[in-house]
Amino acid sequence: MDLSSRIAIIGAGMAGLSCAVALQQAGYQPTLFEKSRGASGRMSTRSGAGWQCDHGAQYFTARSPEFRAEVSRWEAAGVAALWSPRLQVLAGEQAHQRDAELLRFVGMPRMTAPGHWLAASLSVEAGHSISQLRRTAGGWQLESVEAGWLARQFDIVLLAVPAPQAAPLLAPEAPNLAALAGGARMRGCWALMLQFESTLDLPFDAAFVNQGRLRWIARDNSKPGRQGPETWLLHATAEWSEARLEHDAKAVQADLLDAFREACAPIDIPAPQDSSAHRWRYADSFPALTQGGIWDGALGLGLCGDWLNGGKVEGAWLSGRQLAARLMHS
Ligand SMILES: Cc1cc2nc3c(=O)[nH]c(=O)nc-3n(C[C@H](O)[C@H](O)[C@H](O)COP(=O)(O)OP(=O)(O)OC[C@H]3O[C@@H](n4cnc5c(N)ncnc54)[C@H](O)[C@@H]3O)c2cc1C
(Lines give C-alpha, C1' and ligand atoms only; values in the text may rest on other atoms or scores of the structure.)
Protein backbone atom coordinates (compact mmCIF):
# COMPACT_ATOMS: atom_id res chain seq x y z
CA MET A 1 0.00 0.00 0.00
CA ASP A 2 1.33 3.40 -1.08
CA LEU A 3 2.57 5.58 1.80
CA SER A 4 0.66 8.51 0.31
CA SER A 5 -2.65 6.63 0.65
CA ARG A 6 -5.29 8.82 2.26
CA ILE A 7 -6.49 6.84 5.29
CA ALA A 8 -9.51 7.62 7.50
CA ILE A 9 -10.02 5.74 10.75
CA ILE A 10 -13.49 6.02 12.30
CA GLY A 11 -13.34 5.75 16.09
CA ALA A 12 -10.51 6.83 18.43
CA GLY A 13 -10.86 4.12 21.06
CA MET A 14 -7.92 1.81 21.81
CA ALA A 15 -8.35 -0.17 18.56
CA GLY A 16 -8.42 2.90 16.30
CA LEU A 17 -5.53 4.50 18.19
CA SER A 18 -3.31 1.42 18.05
CA CYS A 19 -4.03 1.00 14.34
CA ALA A 20 -3.21 4.67 13.70
CA VAL A 21 0.04 4.50 15.71
CA ALA A 22 1.19 1.40 13.80
CA LEU A 23 0.40 3.06 10.46
CA GLN A 24 2.09 6.28 11.49
CA GLN A 25 5.21 4.40 12.60
CA ALA A 26 5.33 2.85 9.11
CA GLY A 27 5.15 6.27 7.43
CA TYR A 28 1.42 6.67 6.73
CA GLN A 29 -0.56 9.71 7.89
CA PRO A 30 -3.98 8.50 8.96
CA THR A 31 -6.75 10.82 10.16
CA LEU A 32 -9.00 9.66 12.98
CA PHE A 33 -12.63 10.79 13.20
CA GLU A 34 -14.20 10.54 16.66
CA LYS A 35 -17.75 11.35 17.62
CA SER A 36 -16.96 12.23 21.27
CA ARG A 37 -15.05 15.25 22.51
CA GLY A 38 -11.85 13.25 22.86
CA ALA A 39 -10.13 9.92 22.32
CA SER A 40 -10.16 6.76 24.46
CA GLY A 41 -13.66 5.32 23.90
CA ARG A 42 -14.81 2.89 26.56
CA MET A 43 -11.58 3.44 28.54
CA SER A 44 -13.35 6.37 30.10
CA THR A 45 -13.55 8.54 33.20
CA ARG A 46 -16.43 10.69 34.45
CA SER A 47 -15.68 13.83 36.46
CA GLY A 48 -18.05 15.41 38.99
CA ALA A 49 -17.66 18.32 41.39
CA GLY A 50 -14.23 17.55 42.88
CA TRP A 51 -14.33 13.83 42.05
CA GLN A 52 -13.56 11.48 39.17
CA CYS A 53 -14.38 7.85 38.48
CA ASP A 54 -13.53 5.34 35.75
CA HIS A 55 -16.95 4.17 34.61
CA GLY A 56 -16.07 1.98 31.61
CA ALA A 57 -13.06 -0.35 31.55
CA GLN A 58 -11.89 -0.94 35.12
CA TYR A 59 -8.42 -2.33 34.55
CA PHE A 60 -6.57 -4.19 31.83
CA THR A 61 -4.39 -7.24 31.74
CA ALA A 62 -1.46 -7.79 29.38
CA ARG A 63 -1.04 -11.43 28.44
CA SER A 64 0.70 -11.11 25.06
CA PRO A 65 4.37 -10.00 24.87
CA GLU A 66 3.45 -7.25 22.37
CA PHE A 67 0.84 -5.66 24.59
CA ARG A 68 2.99 -6.12 27.71
CA ALA A 69 5.74 -4.15 25.92
CA GLU A 70 3.21 -1.45 25.02
CA VAL A 71 2.00 -1.23 28.62
CA SER A 72 5.65 -0.86 29.71
CA ARG A 73 5.89 2.16 27.39
CA TRP A 74 2.75 3.59 28.99
CA GLU A 75 4.20 2.99 32.45
CA ALA A 76 7.46 4.71 31.45
CA ALA A 77 5.43 7.68 30.19
CA GLY A 78 3.54 7.82 33.49
CA VAL A 79 0.13 7.16 31.92
CA ALA A 80 -0.43 3.64 33.31
CA ALA A 81 0.43 1.79 36.50
CA LEU A 82 -0.18 -1.46 38.31
CA TRP A 83 -3.26 -1.59 40.51
CA SER A 84 -3.16 -4.11 43.34
CA PRO A 85 -6.54 -3.81 45.01
CA ARG A 86 -7.63 -5.90 47.96
CA LEU A 87 -9.85 -8.05 45.77
CA GLN A 88 -12.64 -10.37 46.80
CA VAL A 89 -15.25 -12.53 45.20
CA LEU A 90 -18.55 -11.97 46.99
CA ALA A 91 -20.82 -14.96 46.78
CA GLY A 92 -22.94 -15.09 49.87
CA GLU A 93 -21.01 -16.75 52.66
CA GLN A 94 -18.15 -17.80 50.43
CA ALA A 95 -16.30 -14.50 50.06
CA HIS A 96 -12.71 -15.24 49.09
CA GLN A 97 -9.61 -13.67 47.59
CA ARG A 98 -9.20 -13.89 43.86
CA ASP A 99 -6.37 -14.03 41.33
CA ALA A 100 -3.82 -12.39 43.59
CA GLU A 101 -1.06 -13.20 41.09
CA LEU A 102 -2.74 -11.62 38.03
CA LEU A 103 -1.26 -8.21 37.12
CA ARG A 104 -3.94 -5.55 36.68
CA PHE A 105 -3.07 -2.21 35.10
CA VAL A 106 -4.99 1.05 35.02
CA GLY A 107 -4.58 4.35 33.22
CA MET A 108 -2.97 6.97 35.46
CA PRO A 109 -4.21 9.32 36.82
CA ARG A 110 -7.38 8.18 35.07
CA MET A 111 -8.39 5.47 32.63
CA THR A 112 -8.36 7.85 29.68
CA ALA A 113 -4.65 8.63 30.12
CA PRO A 114 -3.13 6.00 27.76
CA GLY A 115 -5.62 6.88 25.00
CA HIS A 116 -4.99 10.60 25.37
CA TRP A 117 -1.25 9.99 25.35
CA LEU A 118 -1.46 7.97 22.11
CA ALA A 119 -3.79 10.52 20.53
CA ALA A 120 -1.43 13.40 21.26
CA SER A 121 0.87 12.44 18.37
CA LEU A 122 -1.95 11.60 15.94
CA SER A 123 -4.35 13.60 13.82
CA VAL A 124 -7.69 13.22 15.64
CA GLU A 125 -10.74 15.14 14.46
CA ALA A 126 -13.12 14.97 17.43
CA GLY A 127 -16.79 15.89 17.32
CA HIS A 128 -17.42 14.03 14.05
CA SER A 129 -20.05 11.33 14.29
CA ILE A 130 -19.72 9.56 10.95
CA SER A 131 -23.19 8.69 9.66
CA GLN A 132 -22.55 7.45 6.10
CA LEU A 133 -19.79 6.14 3.86
CA ARG A 134 -19.93 6.41 0.06
CA ARG A 135 -17.48 4.94 -2.44
CA THR A 136 -16.95 7.07 -5.55
CA ALA A 137 -14.40 7.09 -8.38
CA GLY A 138 -12.37 9.65 -6.42
CA GLY A 139 -12.33 7.60 -3.23
CA TRP A 140 -14.34 7.17 -0.06
CA GLN A 141 -16.55 10.03 1.08
CA LEU A 142 -17.58 10.46 4.71
CA GLU A 143 -20.67 12.15 6.02
CA SER A 144 -20.67 13.42 9.59
CA VAL A 145 -23.76 14.36 11.58
CA GLU A 146 -22.11 17.63 12.56
CA ALA A 147 -20.61 18.76 9.21
CA GLY A 148 -22.45 16.88 6.44
CA TRP A 149 -20.43 15.31 3.59
CA LEU A 150 -16.77 16.11 4.16
CA ALA A 151 -14.86 17.69 1.27
CA ARG A 152 -11.85 15.36 1.68
CA GLN A 153 -11.89 11.93 0.11
CA PHE A 154 -9.98 8.86 1.26
CA ASP A 155 -8.41 5.82 -0.42
CA ILE A 156 -8.92 3.70 2.67
CA VAL A 157 -11.52 3.69 5.45
CA LEU A 158 -10.97 1.70 8.64
CA LEU A 159 -13.85 1.25 11.06
CA ALA A 160 -12.79 0.97 14.72
CA VAL A 161 -16.23 1.21 16.33
CA PRO A 162 -18.43 -1.32 18.17
CA ALA A 163 -20.09 -3.87 15.86
CA PRO A 164 -23.65 -2.47 16.10
CA GLN A 165 -22.31 0.96 15.10
CA ALA A 166 -20.22 -0.48 12.25
CA ALA A 167 -23.07 -2.48 10.68
CA PRO A 168 -25.19 0.43 9.34
CA LEU A 169 -22.09 2.24 8.03
CA LEU A 170 -21.03 -0.88 6.11
CA ALA A 171 -24.43 -1.89 4.75
CA PRO A 172 -24.57 0.17 1.50
CA GLU A 173 -21.06 -0.64 0.22
CA ALA A 174 -20.00 -3.85 1.99
CA PRO A 175 -23.06 -6.01 2.78
CA ASN A 176 -20.95 -9.05 3.73
CA LEU A 177 -18.98 -7.12 6.34
CA ALA A 178 -22.24 -5.50 7.47
CA ALA A 179 -23.70 -8.99 8.02
CA LEU A 180 -20.64 -9.99 10.07
CA ALA A 181 -20.91 -6.89 12.25
CA GLY A 182 -24.70 -7.18 12.45
CA GLY A 183 -24.38 -10.73 13.73
CA ALA A 184 -21.99 -9.82 16.54
CA ARG A 185 -23.85 -9.44 19.81
CA MET A 186 -22.85 -6.72 22.23
CA ARG A 187 -24.45 -6.30 25.64
CA GLY A 188 -25.27 -3.26 27.71
CA CYS A 189 -24.16 -2.32 31.21
CA TRP A 190 -25.47 0.20 33.71
CA ALA A 191 -22.71 1.88 35.74
CA LEU A 192 -23.27 3.80 38.97
CA MET A 193 -20.67 6.17 40.41
CA LEU A 194 -20.97 7.07 44.11
CA GLN A 195 -19.04 9.69 46.04
CA PHE A 196 -18.93 9.53 49.85
CA GLU A 197 -17.92 12.02 52.50
CA SER A 198 -15.56 9.60 54.23
CA THR A 199 -13.84 6.27 53.66
CA LEU A 200 -16.17 3.24 53.69
CA ASP A 201 -15.10 0.63 56.18
CA LEU A 202 -15.08 -2.29 53.72
CA PRO A 203 -12.51 -5.13 53.74
CA PHE A 204 -11.91 -4.87 49.96
CA ASP A 205 -11.09 -2.29 47.28
CA ALA A 206 -12.76 -4.25 44.51
CA ALA A 207 -15.04 -7.25 44.29
CA PHE A 208 -16.56 -9.54 41.72
CA VAL A 209 -20.17 -10.00 42.79
CA ASN A 210 -21.47 -13.33 41.67
CA GLN A 211 -25.10 -12.90 42.56
CA GLY A 212 -27.97 -10.44 42.22
CA ARG A 213 -27.88 -7.23 40.21
CA LEU A 214 -24.19 -6.37 40.45
CA ARG A 215 -21.19 -7.97 38.82
CA TRP A 216 -18.38 -5.64 39.94
CA ILE A 217 -17.72 -2.99 42.58
CA ALA A 218 -14.55 -0.95 43.02
CA ARG A 219 -13.16 1.85 45.15
CA ASP A 220 -11.96 4.13 42.37
CA ASN A 221 -9.69 6.13 44.68
CA SER A 222 -7.73 2.96 45.51
CA LYS A 223 -6.26 3.12 41.99
CA PRO A 224 -2.81 4.72 41.69
CA GLY A 225 -2.54 8.45 41.12
CA ARG A 226 -6.16 9.24 42.04
CA GLN A 227 -6.86 12.28 44.13
CA GLY A 228 -10.06 13.42 45.73
CA PRO A 229 -12.74 11.87 47.91
CA GLU A 230 -13.94 8.32 48.44
CA THR A 231 -15.51 7.19 45.16
CA TRP A 232 -17.02 3.83 44.27
CA LEU A 233 -18.04 2.37 40.94
CA LEU A 234 -20.72 -0.30 40.52
CA HIS A 235 -21.35 -2.29 37.33
CA ALA A 236 -24.62 -4.16 36.95
CA THR A 237 -24.74 -7.57 35.30
CA ALA A 238 -25.39 -7.72 31.55
CA GLU A 239 -28.68 -9.55 32.09
CA TRP A 240 -30.02 -7.00 34.57
CA SER A 241 -28.78 -4.06 32.48
CA GLU A 242 -30.14 -5.37 29.18
CA ALA A 243 -33.61 -5.68 30.69
CA ARG A 244 -33.47 -2.04 31.86
CA LEU A 245 -31.57 -0.19 29.12
CA GLU A 246 -34.46 2.20 28.53
CA HIS A 247 -35.26 2.71 32.22
CA ASP A 248 -35.00 6.05 33.94
CA ALA A 249 -31.49 6.64 35.38
CA LYS A 250 -32.91 7.72 38.76
CA ALA A 251 -34.72 4.39 39.24
CA VAL A 252 -31.61 2.48 38.18
CA GLN A 253 -29.51 4.47 40.68
CA ALA A 254 -31.82 3.60 43.55
CA ASP A 255 -31.88 -0.09 42.60
CA LEU A 256 -28.10 -0.36 42.30
CA LEU A 257 -27.46 1.51 45.54
CA ASP A 258 -29.74 -1.01 47.29
CA ALA A 259 -27.79 -3.84 45.65
CA PHE A 260 -24.50 -2.31 46.86
CA ARG A 261 -25.86 -2.16 50.42
CA GLU A 262 -26.98 -5.80 50.20
CA ALA A 263 -23.58 -6.90 48.87
CA CYS A 264 -21.75 -5.05 51.68
CA ALA A 265 -24.05 -6.13 54.55
CA PRO A 266 -23.67 -6.13 57.50
CA ILE A 267 -21.42 -3.10 56.98
CA ASP A 268 -23.52 0.02 56.78
CA ILE A 269 -23.28 2.13 53.60
CA PRO A 270 -24.22 5.77 54.25
CA ALA A 271 -26.06 7.97 51.75
CA PRO A 272 -23.65 9.15 49.06
CA GLN A 273 -22.86 12.86 48.71
CA ASP A 274 -23.10 12.67 44.95
CA SER A 275 -23.95 9.99 42.42
CA SER A 276 -24.21 9.57 38.68
CA ALA A 277 -25.45 6.71 36.50
CA HIS A 278 -24.24 5.93 33.01
CA ARG A 279 -25.79 3.53 30.52
CA TRP A 280 -23.37 1.67 28.27
CA ARG A 281 -25.40 0.41 25.36
CA TYR A 282 -22.48 -1.65 23.99
CA ALA A 283 -20.24 -2.65 26.87
CA ASP A 284 -19.01 -6.14 26.00
CA SER A 285 -19.15 -8.65 23.17
CA PHE A 286 -20.91 -11.91 23.82
CA PRO A 287 -19.29 -13.97 22.53
CA ALA A 288 -16.42 -11.91 21.13
CA LEU A 289 -15.10 -13.01 17.73
CA THR A 290 -11.47 -13.94 17.14
CA GLN A 291 -10.74 -12.73 13.60
CA GLY A 292 -8.55 -9.84 14.75
CA GLY A 293 -8.40 -7.09 12.13
CA ILE A 294 -10.32 -7.58 8.87
CA TRP A 295 -8.99 -6.08 5.64
CA ASP A 296 -10.73 -5.98 2.25
CA GLY A 297 -8.08 -4.72 -0.17
CA ALA A 298 -10.47 -4.53 -3.15
CA LEU A 299 -12.74 -2.10 -1.31
CA GLY A 300 -9.99 -0.35 0.66
CA LEU A 301 -12.02 -1.06 3.78
CA GLY A 302 -10.98 -2.50 7.12
CA LEU A 303 -12.45 -3.36 10.51
CA CYS A 304 -10.93 -3.60 13.97
CA GLY A 305 -12.15 -3.39 17.54
CA ASP A 306 -12.43 -5.43 20.70
CA TRP A 307 -15.47 -7.27 19.32
CA LEU A 308 -13.21 -8.85 16.66
CA ASN A 309 -10.55 -9.99 19.08
CA GLY A 310 -11.82 -11.49 22.29
CA GLY A 311 -13.16 -8.26 23.80
CA LYS A 312 -11.28 -6.15 26.35
CA VAL A 313 -8.58 -3.51 26.12
CA GLU A 314 -5.77 -5.85 25.12
CA GLY A 315 -7.91 -7.41 22.37
CA ALA A 316 -8.77 -3.95 21.02
CA TRP A 317 -5.11 -2.87 20.93
CA LEU A 318 -4.01 -6.10 19.21
CA SER A 319 -6.87 -5.91 16.73
CA GLY A 320 -5.79 -2.43 15.63
CA ARG A 321 -2.22 -3.62 15.16
CA GLN A 322 -3.37 -6.65 13.17
CA LEU A 323 -5.45 -4.52 10.84
CA ALA A 324 -2.52 -2.15 10.24
CA ALA A 325 -0.22 -5.11 9.48
CA ARG A 326 -2.73 -6.64 7.04
CA LEU A 327 -3.17 -3.33 5.23
CA MET A 328 0.59 -2.73 4.97
CA HIS A 329 1.29 -6.20 3.62
CA SER A 330 -1.48 -6.16 1.00
C1 LIG B 1 -18.70 -1.09 31.58
C2 LIG B 1 -17.47 -1.61 30.92
C3 LIG B 1 -16.52 -2.33 31.66
C4 LIG B 1 -15.37 -2.81 31.04
N5 LIG B 1 -14.42 -3.43 31.78
C6 LIG B 1 -13.26 -3.82 31.21
C7 LIG B 1 -12.19 -4.33 31.98
O8 LIG B 1 -12.26 -4.36 33.22
N9 LIG B 1 -11.06 -4.75 31.34
C10 LIG B 1 -10.92 -4.66 29.98
O11 LIG B 1 -9.86 -5.02 29.45
N12 LIG B 1 -11.91 -4.15 29.23
C13 LIG B 1 -13.07 -3.71 29.81
N14 LIG B 1 -14.06 -3.16 29.06
C15 LIG B 1 -13.94 -3.21 27.60
C16 LIG B 1 -12.96 -2.18 27.05
O17 LIG B 1 -13.34 -0.91 27.47
C18 LIG B 1 -13.03 -2.31 25.54
O19 LIG B 1 -12.70 -3.62 25.16
C20 LIG B 1 -12.09 -1.38 24.77
O21 LIG B 1 -11.96 -0.12 25.39
C22 LIG B 1 -12.66 -1.28 23.37
O23 LIG B 1 -11.88 -0.45 22.54
P24 LIG B 1 -12.35 -0.22 21.04
O25 LIG B 1 -11.41 0.75 20.45
O26 LIG B 1 -12.54 -1.53 20.36
O27 LIG B 1 -13.82 0.41 21.15
P28 LIG B 1 -14.28 1.77 21.85
O29 LIG B 1 -13.49 2.04 23.06
O30 LIG B 1 -15.76 1.65 21.99
O31 LIG B 1 -13.92 2.87 20.78
C32 LIG B 1 -14.76 3.16 19.68
C33 LIG B 1 -14.76 4.66 19.45
O34 LIG B 1 -15.51 4.93 18.28
C35 LIG B 1 -16.29 6.07 18.50
N36 LIG B 1 -17.40 6.00 17.55
C37 LIG B 1 -18.44 5.12 17.52
N38 LIG B 1 -19.23 5.33 16.46
C39 LIG B 1 -18.68 6.38 15.79
C40 LIG B 1 -19.04 7.08 14.62
N41 LIG B 1 -20.13 6.75 13.91
N42 LIG B 1 -18.27 8.12 14.21
C43 LIG B 1 -17.15 8.48 14.93
N44 LIG B 1 -16.77 7.85 16.05
C45 LIG B 1 -17.52 6.81 16.48
C46 LIG B 1 -16.70 5.98 19.95
O47 LIG B 1 -17.06 7.24 20.48
C48 LIG B 1 -15.42 5.42 20.58
O49 LIG B 1 -14.56 6.45 21.02
C50 LIG B 1 -15.18 -2.61 29.65
C51 LIG B 1 -16.11 -1.85 28.92
C52 LIG B 1 -17.22 -1.33 29.56
C53 LIG B 1 -18.16 -0.46 28.79
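Buried residues make up 54% of the 330 residues in this protein chain; buried means under 20% relative accessible area, exposed over 50%, and partly exposed in between (1.4 Å probe, protein chains only). This is a predicted model, where local features need pLDDT of at least 70, side-chain atom pairs count only at pLDDT 80 or more, and totals for chains, interfaces and linings use all residues. Residues are numbered from 1 along each chain as its sequence is written, and side-chain values use heavy atoms, with hydrogens and water left out.

**Overall build**

- The protein chain has eight helices and 20 strands. Both are DSSP runs, numbered from the N terminus: helices are H or I with at least four residues, strands are E with at least two.
- The radius of gyration is 20 Å, which agrees with the value near 20 Å for a compact globule of 330 residues. That radius is taken over C-alpha atoms, and the globule rule is 2.2 Å times the number of residues to the power 0.38.
- Along the principal axes, the C-alpha atoms fill a box of roughly 65 × 40 × 35 Å.
- Take the contacts between residues at least 6 apart in sequence: 69% of them join residues at least 24 apart. Contact means heavy atoms within 4.5 Å.

**Charge**

- The protein chain carries 30 positive and 32 negative side chains. Lys and Arg count as positive, Asp and Glu as negative; His and the chain ends are not counted.
- The centres of the two sets lie 3 Å apart. Each charge is placed at NZ of Lys, CZ of Arg, CG of Asp or CD of Glu.

**Aromatic rings**

- The structure holds 12 aromatic pairs. Rings of Phe, Tyr and Trp (its six-membered ring) pair if their centres lie within 6.5 Å; planes under 30 degrees apart count as stacked, over 60 as edge-to-face and the rest as tilted.
- Tyr59 and Trp83 form a tilted pair, 6.3 Å centre to centre with 50 degrees between the planes.
- This pair links distant parts of the chain, 24 residues apart. Tyr59 is in the loop between strand S4 (51–54) and helix H2 (65–76), and Trp83 is in the loop between strand S5 (80–82) and strand S6 (87–90).
- Tyr59 is partly exposed at 21% relative accessibility, while Trp83 is buried at 2%.
- One aromatic cluster is formed by Phe60, Phe67, Trp74, Phe105 and Trp317.

**Arg215**

- Arg215 is in strand S16 (residues 214–219). Its relative accessible area is 35%, so Arg215 is partly exposed.
- Leaving aside neighbours within four places in sequence, Arg215 touches residues including Cys189, Phe208 and His235.
- Arg215 and Leu90 are 125 residues apart in sequence, and 9.5 Å apart in space, C-alpha to C-alpha.
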